Amino acid sequence: MDKYSPNHYQQGKIEVWDFISDQNLDYFLGNAIKYICRAGFKKGETRVDDLTKAIVYLTKALNLTSTSLNHANKDPRFIRTSSSISSS
């Protein structure tokens, strides 16, 4: 273990940040994965602490996604009218 690659991020076959990078996860999803993977392994942090942190990041990601969808639903380019549905 070293300061830049601690054991609590190396429980599996690959390091957590390598998985996050490979999957092209954004900041919020990447942090959720980080906290899920280290849950119960970092000294001074309980499993519940880390899982709660993961939920906070997932909730933020959901809120941002919902906000983006709401904006898209109000954008005239994405609004489907009955005439556009019948002509599709």
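F28 counts as partly exposed, at 22% relative accessibility. The term belongs to a scale in which buried means under 20% relative accessible area, exposed means over 50%, and partly exposed lies in between, with a 1.4 Å probe and protein chains only. On this scale Y27 counts as exposed, at 56% relative accessibility. The model is predicted, so local features need pLDDT of at least 70 and side-chain atom pairs count only at pLDDT 80 or more, while totals for chains, interfaces and linings use all residues. Residues are numbered from 1 along each chain as its sequence is written, and side-chain values use heavy atoms, with hydrogens and water left out.

A search of the whole structure finds four aromatic pairs. In one of them, the ring centres of Y27 and F28 lie 5.3 Å apart and the planes stand at 85 degrees, so this pair is edge-to-face. The rings of Y35 and Y57 have their centres 5.8 Å apart and their planes at 25 degrees, so that pair is stacked. Y35 belongs to helix α2 and Y57 to helix α3, so the pair ties together parts that are 22 residues apart in sequence. The rule behind these names is that rings of Phe, Tyr and Trp (its six-membered ring) pair if their centres lie within 6.5 Å; planes under 30 degrees apart count as stacked, over 60 as edge-to-face, and the rest as tilted. Y35 is buried, with a relative accessible area of 11%. Ring pairs link Y27, F28, Y35 and Y57 into a cluster.

The fold itself can now be described. The chain has four helices and zero strands, and its pattern along the sequence reads α-α-α-α. Helices (H or I, at least four residues) and strands (E, at least two) are DSSP runs, numbered from the N terminus. Of the 88 residues in the chain, 19% are buried. Among contacts with a separation of 6 or more, 35% are made by residues 24 or more positions apart; a contact means heavy atoms within 4.5 Å.

Charged side chains provide further links. Side chains of opposite charge can pair when their charged atoms come close. A salt bridge is a side-chain nitrogen of Lys or Arg within 4 Å of a carboxyl oxygen of Asp or Glu, and by this rule the count comes to two.

L29, I36, L51 and L58 make a nonpolar surface patch of about 280 Å². The elements that give two or more residues to this patch are α2 and α3. Patches are made of residues with over 30% relative accessible area and no salt bridge, with like charges joined within 9 Å and nonpolar side chains (Val, Leu, Ile, Met, Phe, Trp, Tyr) within 5 Å. I36 is found in helix α2 and is partly exposed, with a relative accessible area of 41%.

Note on methods:
Accessible areas come from the Shrake-Rupley method with a 1.4 Å probe; for residues, only the protein chains shown count as cover.
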